[in-house]
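Here is a report on a two-chain complex. Please look at the sequence and the structure before reading on.

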Amino acid sequence: MSNAVSTAPKAAVRGTDSQHTEQRKAALAWLTIPALFFFLVFAVIPLAGVLILSFTSWDGIGAIGAAGLDNWFSVLADPGLYNALGLTFLIMIVSWLVQTPISLLLGVFTAGSQRYRAALAVLYFLPLLLSSAAVAIAFKALLDPNFGLATGLGLPFLAQDWLGVPQLALGLVIFVIAWQFVPFHTLIYQGGVRQIPKSLYEAAQIDGAGTIKQFFHITLPQLKYTIITSSTLMVVGSLTYFDLIFVLTGGGPGNSTRILALDMYLRGFRANLMGPASVIAVILVIIGLALALFLQRLGGKDKQGSQLEGL
Amino acid sequence: MSTVLKSNAQEARTASLGGSAAASRGMGQRLRRLNIPGGLGGWLWLAIIILPVYYVVITSLKTQAGYFGQNPLALPTEPTLENYQLVLEADFAQYFMNSAIVTLGSVIPTVLISFMASFAIVRGGGRFLKLVNGMFLMGLAIPLQATIIPIYLMIIRLNLYDSLLALMLPSIAFAIPLTVLILSNFIRDVPNELFESMRLDGCSEWQTMWRLALPLTRPAIVTVAIYNGLHVWNGFLLPLVLTQSPGLRVLPLGLWTFQGEFSVNIPAVLASVVLSTLPILVLYVIGRRQLLAGLTAGFSK
């Protein structure tokens, strides 16, 4: 581009130079090949595969046969699907409502400079280290009405049949999910808070804004993209709360905690109906993509630039 | 909400609230008043986090009689390690080895190939790289667990069913999108002048990648390695679907089956929970600063 305004000899030099750069840049594409290979073979092809399998019948062992739209008709006519869909969205929304304020406030809290907060933070993040299987097993023991927390703390209202009553089991699932995932989102918010330019607070101070005003007019708006990042991970992640629920409730009692991912597994690998299970998988993918696109919209495009707006 | 809001005022150094700085300098009384609600919330959350952990640890040290006889939150009167012995006899050493193999075998390739791809995406140009980047970004939005059925089919057809390699291959693929995103954010932060000077010194892009970009993004690399490592170490669905021999169980799966077999012996079950977490806990104690600082920076960009 600059060739036009430069003098002739210089233009010639720059021409070969930029050509060189172009070549160098294009040559770099080779470096993506290994990552691309793995991603194509074990993510993109399976993604196409799941769509194809949704039009077949397969028991997981034998031959795969064509099934046309049969799976789709049978799954879409199955009230179990709508139960699973409803539960998935319910858990997603309630989890978001529970986890976001707690993570945000804890993030702000742990971003503080006091020593004791740093020490607390170290313990806050312990659940991050545990596998979902371990967490689920621990809570099952903890909630034993006779030998668990209820007796230990002397709080009889904790002695419920947590895994036997649908509403209680659902509440428990949401609580344990929060227990396990709030630490991670706290970490994200902590980082977000630390990146807010100090000058904004100084300016607000001069204008006489109090702490609460500062929180709502500076901290919260400045955390907009952090909130979107955290929410995206939370919402899309909620589609895959499989392991925790599988070990904790197994989808029960009845079908009261049988979310989509679990429904897919149980149909496919327990009932040996891979076709219908693939239909559920396709629905999961569509929901995930739609949610991510929606949240992206909320965030707008130019992330880096707009974050520093008003400086 | 206002509890932590108020405590917010104390964050003189990080958030630099001018007034709170003044408060902490001058009025000790005000400082204490403001600190209480935030601190209270903080300690409450600590209790919620610690209580289950405490319960698991002390119960794992109790005898069966102690479990049935004592207050559940009391320290064991006769602490015993026999539960741990029972767990170790149930092949947990083998599960541990399997988990370690799968984790290292997934994380090292993931980080290596993702780093190369990130470098190309940031430093290179052209339609192809844009397309690749877009594809990885889309991978972030897809719940990759939904692809488990075709992966199961592929693993069977590749004759890899019931092998540790079967767990590594999809783990690598699933981890690539986020790893590339975080690493390319960090490589983008390397000042352009440094790349220029490498070029003027006659270094090829390949050399620049290893000698300049790699050392400068080391903290990010450690972070994504730990993050991915945690994910693979704790992963449950892939081992559940893709393996079947007891000898190939990884820790979470081992935990689950152990819990099924020993459901009446809660102290032993909880000992297995502690034992399976112990290695990660040791790593956390050693690498805490790096992990927390890295994760905060990586996701808040």
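The report below covers confidence, the make-up of each chain, the contact between the chains and some single residues.

## Model and confidence

This is a predicted model. The predictor assigns the complex an ipTM of 0.83 and a pTM of 0.83. Chain A has a mean pLDDT of 83, with 88% of its residues scoring at least 70. For chain B the mean is 81, and 85% of the residues score at least 70.

Helix H13 (residues 260–270) of chain A has the highest mean, 93. Helix H15 (residues 303–307) of chain A has the lowest, 37. Residues 301–311 of chain A have pLDDT below 50, and this stretch has four contacts in the model beyond near neighbours in sequence. At the other end, pLDDT stays under 50 over residues 1–15 of chain A. That stretch has six contacts beyond four places in sequence. In chain B, residues 1–33 stay under 50, and the model gives them 78 contacts beyond four places in sequence.

## Make-up of the chains

Chain A has 15 helices and two strands. Of its 311 residues, 43% are buried. Take the contacts in chain A between residues at least 6 apart in sequence: 67% of them join residues at least 24 apart.

Chain B has 14 helices and zero strands. Its elements, read from the N terminus, are α-α-α-α-α-α-α-α-α-α-α-α-α-α. Buried residues account for 49% of the 301 residues in chain B. Among contacts in chain B between residues at least 6 apart in sequence, 72% link residues at least 24 apart.

Phe42(A) sits in helix H2 of chain A. Phe42(A) counts as buried because it has 24 C-beta neighbours inside 10 Å, and the cut-off for buried is 20 or more. Beyond four places in sequence, Phe42(A) touches Ile151(B), Leu169(B), Pro170(B) and Ala173(B).

## A helix pair across the contact

Helix H6 (residues 132–142) of chain A packs with helix H13 (residues 251–261) of chain B. Their axes are 8 Å apart and meet at an angle of about 25°. H6(A) is therefore roughly parallel to H13(B), since angles under 35 degrees count as such.

Which residues make this pairing? H6(A) supplies Ala133(A), Ala134(A) and Ile137(A). H13(B) supplies Pro252(B), Leu255(B), Trp256(B) and Gln259(B). By class, the contact of H6(A) with H13(B) has six nonpolar, one polar and no charged residues.

## A two-faced helix in chain A

Helix H5 (residues 115–124) of chain A has the buried residues Arg117(A), Leu120(A), Ala121(A) and Tyr124(A). Why do they fall on the same side of H5(A)? They cover an arc of only 105° around the axis, so they share one side of H5(A). An α-helix has 3.6 residues a turn, so residues three or four places apart point the same way. The face turned away from the buried side of H5(A) carries the exposed residues Arg115(A), Tyr116(A), Ala118(A) and Ala119(A).

Phe89(A) lies in helix H4 (residues 79–110) of chain A. Phe89(A) counts as partly exposed, because it has 14 C-beta neighbours inside 10 Å. The C-alpha atoms of Phe89(A) and Ile259(A) are separated by 8.8 Å, though the two are 170 residues apart along the chain.

Most residues other than glycine have a negative phi. Asn272(A) is not a glycine, yet its phi is positive, about 55°. Asn272(A) is in the loop between H13 and helix H14 (274–299) of chain A. With 13 C-beta neighbours inside 10 Å, Asn272(A) counts as partly exposed. Asp162(B) also has a positive phi, near 65°. Asp162(B) is in the loop between helix H7 (148–157) and helix H8 (164–188) of chain B. Its 14 C-beta neighbours inside 10 Å make Asp162(B) partly exposed.

Terms used:
Residues are numbered from 1 along each chain as its sequence is written. Chains are lettered from A and ligands numbered from 1 in the order in which they are written. This is a predicted model: local features need pLDDT of at least 70, side-chain atom pairs count only at pLDDT 80 or more; totals for chains, interfaces and linings use all residues. A residue is buried if 20 or more other C-beta atoms lie within 10 Å of its own, exposed if 12 or fewer, and partly exposed in between; C-beta atoms are placed from the backbone. Helices (H or I, at least four residues) and strands (E, at least two) are DSSP runs, numbered from the N terminus. The arc is that of the directions from the helix axis to the C-beta atoms. pLDDT is the predictor's confidence in each residue, from 0 to 100. Two residues are in contact if their C-beta atoms, placed from the backbone, lie within 7 Å. Axes are lines fitted to C-alpha atoms, for helices over the stretch in contact, and angles run from 0 to 180 degrees between N-to-C directions. Angles under 35 degrees count as roughly parallel, over 145 as roughly antiparallel, 65 to 115 as roughly perpendicular and the rest as oblique. Ala, Val, Leu, Ile, Met, Phe, Trp, Tyr, Cys and Pro count as nonpolar, Asp, Glu, Lys and Arg as charged, and the others, Gly among them, as polar.
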